[in-house]
Structure formats: C-alpha cells, structure tokens
Amino acid sequence: GEGEEVNYLDLCWKIAGKDILGSLSSKCLLVLKGCRKIDEARTEVLEEAAFRRVLLSEPVGFSAFQVELLLRELARAAQEWDGKVQYDQVLSGQVRQLKVESKVYGAWKAMEVHWKAIVEKFLSFDTDYDGEVTEKEFREGLLKMKPPVDGLTEQEAVDAIFRELDAEKTGTLDLEDFMWRMARDALEEAMGACGVTVASEMRKEGLRLAD
C-alpha cells in the first residue's frame, strides 16, 4: 500500500542518502554549470523537471532512482513544496536537512566574486610573462591572499577548483582563459538580471553585421 511505499523509500534514503549527498557535493560545479545553462536569468531557481534533467545529464550522472530519492527529500525539507528547486541553497548547504558539504561550492562562489583581485595576484607570479600559473602557484596564491578570501582558505576546495579550471589537465592555467571565464560569468549574470543573455546579444549583432 501507500504506507509501505513510503517506508521503503525512507529505508532507501537511510541506506543511500549519505552517498547521494556526497556525490552531489563532489559534482557541485558540474551541477551548477548545468543549472546555469537553463537558468539564463540567474534566478537560482529551477523547476523540478529541469533540475532532474541536470542531475540525469551525462556529465553529472545520477541514476533516475537517486534523483527520485533526492527530490523527495527536497520536497520534505521545504515548508511548502511548490515544485521549484532553489539550487544555490541546495549546493551551498543551506538546506539543513540534507547536509550537503559545501566547501568547494563556497570556494567557487568566492572566486566569482573576487576574481579581479585573484587575477592581480596571479599576474604578480608570472615573472617570465608566459601567461600561465602552475597548480602550486594557484594553490599558494589563493591560500595566502591578503586579506584572506572567505571560502578560499582550505586546500581541498582550492585543489578542486583548479581541477575544474584545468579542463585540458595540463597542470597549468592560462591567465587569459581564466580571466575570460570569470569575466564572462560576471557579465552573463549582469545581463541575465536585465533579462538578456550574452549569447542572444551576440546573435543579434551577428545578424546585424550580416545584413
């Protein structure tokens, strides 16, 4: 009956919930990237179906049953479930019942806020002017920022961010690529707040030039 099904799902969450939340924490930047592709206006809220698609997508890789269990717990944690997922609150560990480890996510958000100061710090390392920062320089630079940047003070989180940025696995970061990525995210957020996107504006400009 219905009561038996609820008890079965409760048992499944009790067994698998910790691993599901651990995976959500370790894949938080992939989840964030997927959510932002859909949430162009940066509302930090997605419909349940959209959030489900992000979790099921190949880069993230949750199973359908894992997603079902997670969404069920999100609904139970909400005072009034309206079918919308505030993904920033979930990933930042603000949903207390879920206990998502948020060090890496918090470090990434801090990076987005303070990227200009971080770039200036990295430029001071580039004594040979090759435009690259090594993993060691990246780690030491962030951990020794003065004043310290809240969220960027733990090596584990900083190392995770480097792995995310070093997509080609070269062991170095190109400063120009890093600046563009951070600046682009800030620009897209600002434009999204105005109801437009960088991509749509670029398409309009392309069409104008083609005429």
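Arg-72 counts as buried, at 19% relative accessibility; buried means under 20% relative accessible area, exposed over 50%, and partly exposed in between (1.4 Å probe, protein chains only). Arg-72 is found in helix H4, residues 64–77. The model is predicted, so local features need pLDDT of at least 70 and side-chain atom pairs count only at pLDDT 80 or more, while totals for chains, interfaces and linings use all residues. Residues are numbered from 1 along each chain as its sequence is written, and side-chain values use heavy atoms, leaving out hydrogens and water.

**Overall make-up**

- The chain has 11 helices and 4 strands. Helices (H or I, at least four residues) and strands (E, at least two) are DSSP runs, numbered from the N terminus.
- Of the 211 residues of the chain, 39% count as buried.
- Contact means heavy atoms within 4.5 Å. Among contacts in the chain between residues at least 6 apart in sequence, 63% join residues at least 24 apart.

**Packing of H2 on H3**

- Two packed helices are described by the angle between their axes and the distance between the axes.
- Helix H2 (residues 28–38) packs with helix H3 (residues 48–56) at an angle of about 140°, and their axes are 9 Å apart. Axes are lines fitted to C-alpha atoms, for helices over the stretch in contact, and angles run from 0 to 180 degrees between N-to-C directions.
- H2 and H3 are therefore oblique to each other. Angles under 35 degrees count as roughly parallel, over 145 as roughly antiparallel, 65 to 115 as roughly perpendicular, and the rest as oblique.
- The crossing of H2 and H3 is right-handed. A crossing is right-handed if the near helix is turned clockwise from the far one by less than a right angle, and left-handed if anticlockwise.
- On the H2 side, the contact is made by Val-31, Gly-34, Cys-35 and Ile-38. H3 contributes Ala-50, Phe-51, Arg-53, Val-54 and Leu-55.
- The residues of this contact of H2 with H3 divide into 7 nonpolar, 1 polar and 1 charged. Ala, Val, Leu, Ile, Met, Phe, Trp, Tyr, Cys and Pro count as nonpolar, Asp, Glu, Lys and Arg as charged, and the others, Gly among them, as polar.

**Packing of H3 on H4**

- H3 and H4 also pack, at an angle of about 140° with axes 10 Å apart.
- H3 and H4 are therefore oblique to each other. Their crossing is right-handed.
- From H3, the contact uses Glu-48, Phe-51, Arg-52, Leu-55 and Leu-56. From H4, it uses Ala-64, Val-67, Glu-68, Leu-70, Leu-71 and Leu-74.
- By class, the contact of H3 with H4 has 8 nonpolar, no polar and 3 charged residues.

**Buried faces of helices**

- Ala-50, Phe-51, Val-54 and Leu-55 are buried in H3. Seen down the axis of H3, these buried residues fall within an arc of 140°, so they line one face of the helix. The arc is that of the directions from the helix axis to the C-beta atoms.
- An α-helix has 3.6 residues a turn, so residues three or four places apart point the same way.
- Helix H8 (residues 135–143) has Phe-138, Gly-141 and Leu-142 as its buried residues. Down the axis of H8, they fall within an arc of 90°, so they line one face of the helix.
- The cover over the buried residues of H8 includes helix H6 (103–113), helix H7 (115–125) and helix H9 (155–165). Strand S3 (132–134) and strand S4 (172–174) are also included.

**Links across the sequence**

- Arg-72 and Asp-10 are 62 residues apart along the chain, and their C-alpha atoms are separated by 9.7 Å.
- Ser-25 lies in helix H1, residues 2–26. Ser-25 is buried, with a relative accessible area of 10%. Not counting residues up to four places away in sequence, Ser-25 touches Val-100 and Glu-101.
- Glu-47 is in strand S1. Glu-47 counts as partly exposed, at 43% relative accessibility.
- Glu-47 and Val-85 are 38 residues apart in sequence and 6.1 Å apart in space, C-alpha to C-alpha. Glu-47 touches Gly-83 and Lys-84, again not counting residues up to four places away in sequence.

- Arg-42 has a positive phi of about 55° although it is not a glycine. Arg-42 lies in the loop between H2 and strand S1 (46–47). At 14% relative accessibility, Arg-42 counts as buried.
- Lys-169 is a residue other than glycine with a positive phi, near 55°. Lys-169 sits in the loop between H9 and S4. Lys-169 counts as exposed, at 59% relative accessibility.
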